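These are my notebook entries on a structure I had not looked at before. I write down what I looked up, in the order in which I looked.

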Amino acid sequence: MHKKYGSNDAIVKHCKTVARVAAILAEEFARQGKDIDLEATAEGALLHDIGRGRVQTVRHGLEGSLILEGEGVNDKVVQIVRRHVGAGISAEEAKKLGLPDFDYIPRTREQVIVCFADKMVDAEVVRPFEMEVKRFEMKGHDVGRLLSLKQNLEADLREDPEGLVLRKIKGTR
Ligand SMILES: [Fe+2]
C-alpha cells in the first residue's frame, strides 16, 4: 500500500517504529484484560502516514483516511489514520484549516494509542515525550491538548505510557 501511494523509505521506517511503540501500549492493555483491537492498532500505526505521499501538511491524516477508504480498509483503521494528526483537531480548528467537517480528535483506545505513539517517534527514533512538548511550544501548537493526550492514556492504562515504552524499547535493543 505504501508503495502504491508513493511513500518514501523514511515514511515507511517511521510507520514501522510507530507500530512498535503502539504495539507495546496495545499489548499492555490486552495484558490487563482490557478491550483492545491489536490488529486495527497495528494496521493503523503502519498506515498512519500513508497520506504523506500526497501532502505534507496536517491534511495528510485526512488524505490517508480517504486513500484507505477507497481501498476498502476497515473503518476502525481509517479513523485511526484520520485522527492521528496534531494531538487531535477540533471541528472548529478543522474549519479554520480548510479541512472537511469531520471529527479529528482521537477518542477510542486504538486511536489514542497511535496518536500518542506517533508523538514519541521522531523520524525513526523513539525519544522522550518532553521533546514533542518542546516542539509543540516552539511551533505555537496547543500544548495543553498534547499533555491531555498523555494524561488520558495514562489514566486509562493506569501506568505512565512513556515510561513503559522507553523501558520496553530499551529491552529490545
Ligand atoms: Fe502523521
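Predicted model: local features only at pLDDT ≥ 70, side-chain atom pairs only at ≥ 80, totals over all residues.

Residues are numbered from 1 along each chain as its sequence is written.

**Entry 1: Leu 164**

I looked up Leu 164 and found it in helix α9, residues 161-171; helices here are DSSP runs (H or I, at least four residues), strands are runs of E of at least two, and both are numbered from the N terminus. Is Leu 164 buried, exposed or partly exposed? Leu 164 counts as partly exposed because it has 17 C-beta neighbours inside 10 Å. For contacts I required that the C-beta atoms of two residues, placed from the backbone, lie within 7 Å. Leaving aside neighbours within four places in sequence, Leu 164 is in contact with Ile 24, Glu 28 and Glu 159. I also checked Asp 49, which is 115 residues from Leu 164 along the chain, and the two C-alpha atoms are separated by 24 Å.

**Entry 2: the nonpolar core**

Next I looked for a nonpolar core, meaning a set of buried Ala, Val, Leu, Ile, Met, Phe, Trp, Tyr and Cys residues joined through C-beta atoms within 7 Å. The largest one has 35 residues, and Val 18, Val 21, Ala 22, Leu 25 and Ala 117 have the most contacts inside it. At least two residues of this core come from each of α1, α2, α3, α4, α6 and α8 (143-157). Which helix gives the most to this core? That helix is α1, with ten residues. I then followed Ala 117, which, apart from neighbours within four places in sequence, is in contact with Val 18, Val 21, Ala 22, Leu 25 and Ala 45.

**Entry 3: α1 and α2**

In α2 (residues 38-47) I found Ala 40, Thr 41, Glu 43, Gly 44, Ala 45 and Leu 47 buried. The cover over the buried residues of α2 includes α1 (9-31), α3 (60-70), α4 (75-82) and α6 (109-119).

How do the axes of α1 and α2 cross? They come within 8 Å and cross at roughly 160°, where axes are lines fitted to C-alpha atoms, for helices over the stretch in contact, and angles run from 0 to 180 degrees between N-to-C directions. The two helices are therefore roughly antiparallel to each other, since angles over 145 degrees count as that, those under 35 as roughly parallel, 65 to 115 as roughly perpendicular and the rest as oblique. Twelve nonpolar residues, one polar and one charged make up the contact of α1 with α2; Ala, Val, Leu, Ile, Met, Phe, Trp, Tyr, Cys and Pro count as nonpolar, Asp, Glu, Lys and Arg as charged, and the others, Gly among them, as polar.

**Entry 4: α4 and its setting**

I turned to α4, where six of the eight residues are buried, so this helix is largely enclosed by the rest of the structure. The buried ones are Val 77, Val 78, Gln 79, Ile 80, Val 81 and Arg 82, and the buried residues of α4 pack against α2, α3 and α6.

With α6, α4 packs at an angle of about 40°, the axes being 9 Å apart. That makes α4 oblique to α6. Lys 76, Gln 79 and Ile 80 in α4 meet Glu 110, Gln 111 and Val 114 in α6. By class, this contact has two nonpolar, two polar and two charged residues.

**Entry 5: two positive phi values**

Which residues have a positive phi although they are not glycines? I noted Ala 123, with a phi of about 55°, and Arg 158, also with about 55°. Ala 123 is found in the loop between β1 (121-122) and β2 (125-126), and counts as exposed because it has 10 C-beta neighbours inside 10 Å. Arg 158 is found in the loop between α8 and α9, and is exposed, with 9 other C-beta atoms within 10 Å.

Terms used
Buried ≥ 20, exposed ≤ 12 C-beta atoms within 10 Å, placed from the backbone.
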